Amino acid sequence: MTVRIGLVGARGHTGRELMRLIAGREDLELAYASSREFAGRPVSDMAPELRSGLEFEALPPDEVGRREVDALILALPNGAAAPFVAATDPSLPIVDLSADYRFDDDWVYGLPEIHGRDALRGARRISNPGCYATAGQLALAPLRGRLSAPAHVFGVSGYSGAGTTPSRKNDPDALADNLMPYALTGHIHEREMARHLGETVRFTPHVAAFFRGIVATVHAELAEPLERDGLRELYESAYGGEPLVEIVDGIPEVRDGANRPGAVIGGFGLSGDGRHAVIVSALDNLLKGAAVQALQNLTLALGLPEETG
């Protein structure tokens, strides 16, 4: 059986990665790719892996709701998903990559390595986590219930995370020889991490001149002291069976996470008294931070192999 997928918001960096990943699986087929800006252009111009003859279309919500597909992926900016959700049959599986439903209890929050796979099986409304939120949660989840103070996450992302709409955060001239902090308080990924971890989190995002990848350096105050072997063992126990999470002794860097489907977690620094831990997580913001995770979530919902492709 081949699952036919509709993709809305195909123009962006994540849309490109989704098309490549779908093309790499024999059990998935891209039924249509919607983009107002690219309407009429061959999809193969952007994703040569896909069959010729398919063109980008500018599909309004009502037309998306009428299309015959087995699943829908929404890769739209924040605030744009609701009309497409409302127009779609409730029985159709949807994965939404925006932040619109990450705080909605009627949607399943899809970070399988932390929040489990059972809720995703058969799910029809799935909210895909944010890229920074994925990196931060992977670094913090094994310490849940052990913290004595808010955790601090210092995140640095490549400028692809700023999307394709021109801004200072994706302007190579503004980023040259520069590190750009932004959203110093109240970033949505801060609230997202806190909500889904059940811990207080402080988060500071930055964007740098590289295109893709994220590094999150996490500071955690521990209620009870740990030794380094014990700290690492918590992560080995949490992620030892997870094929997309690699635990390393060294300190992960941007290049360790970029262009790979999963995350790398390491560092495992401890203060002399064993109460202050520093964990580093690296991943690709377009892959495990977006497209790969969306495909994990969708295939789990549909009962398909999670790791294929």
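Me: In which hand does H5 pass H7?

Reply: In this predicted model, H5 passes H7 in a right-handed crossing.

Me: What else describes such a pair of helices?

Reply: Two packed helices are described by the angle between their axes together with the distance between those axes. Here the axes of helix H5, residues 131-140, and helix H7, residues 188-197, come within 9 Å and cross at roughly 40°. Because angles under 35 degrees would count as roughly parallel and 65 to 115 as roughly perpendicular, H5 is oblique to H7.

Me: Which residues of H5 and H7 meet?

Reply: From H5 come Cys 131, Tyr 132, Ala 133, Gly 136, Gln 137 and Leu 140, and these meet His 189, Glu 192, Met 193, His 196 and Leu 197 of H7. Sorted by class, the contact of H5 with H7 has six nonpolar, four polar and one charged residues.

Me: Now for the side chain: is Arg 102 buried or exposed?

Reply: Arg 102 sits in the loop between strand E5 (94-96) and strand E6 (108-109), and it counts as buried because its relative accessibility is 5%, where the cut-off is under 20%.

Me: Which backbone oxygens lie by polar atoms of the side chain of Arg 102?

Reply: The backbone oxygen of Leu 97 lies 2.9 Å from a polar atom of that side chain, and the backbone oxygen of Asn 128 lies 2.8 Å from a polar atom of the side chain of Arg 102. Leaving aside residues up to four places away in sequence, Arg 102 also touches residues including Tyr 109, Pro 129, His 189, Glu 192 and His 196.

Terms used: Residues are numbered from 1 along each chain as its sequence is written. This is a predicted model: local features need pLDDT of at least 70, side-chain atom pairs count only at pLDDT 80 or more; totals for chains, interfaces and linings use all residues. Side-chain values use heavy atoms; hydrogens and water are left out. Axes are lines fitted to C-alpha atoms, for helices over the stretch in contact, and angles run from 0 to 180 degrees between N-to-C directions. Helices (H or I, at least four residues) and strands (E, at least two) are DSSP runs, numbered from the N terminus. Angles under 35 degrees count as roughly parallel, over 145 as roughly antiparallel, 65 to 115 as roughly perpendicular and the rest as oblique. A crossing is left-handed if the near helix is turned anticlockwise from the far one by less than a right angle, and right-handed if clockwise. Contact means heavy atoms within 4.5 Å. Ala, Val, Leu, Ile, Met, Phe, Trp, Tyr, Cys and Pro count as nonpolar, Asp, Glu, Lys and Arg as charged, and the others, Gly among them, as polar. Buried means under 20% relative accessible area, exposed over 50%, partly exposed in between (1.4 Å probe, protein chains only). A polar contact is a pair of N or O atoms within 3.5 Å; within protein, one must be able to donate a hydrogen and the other to accept it, and residues adjacent in sequence count only if both atoms are side-chain atoms.
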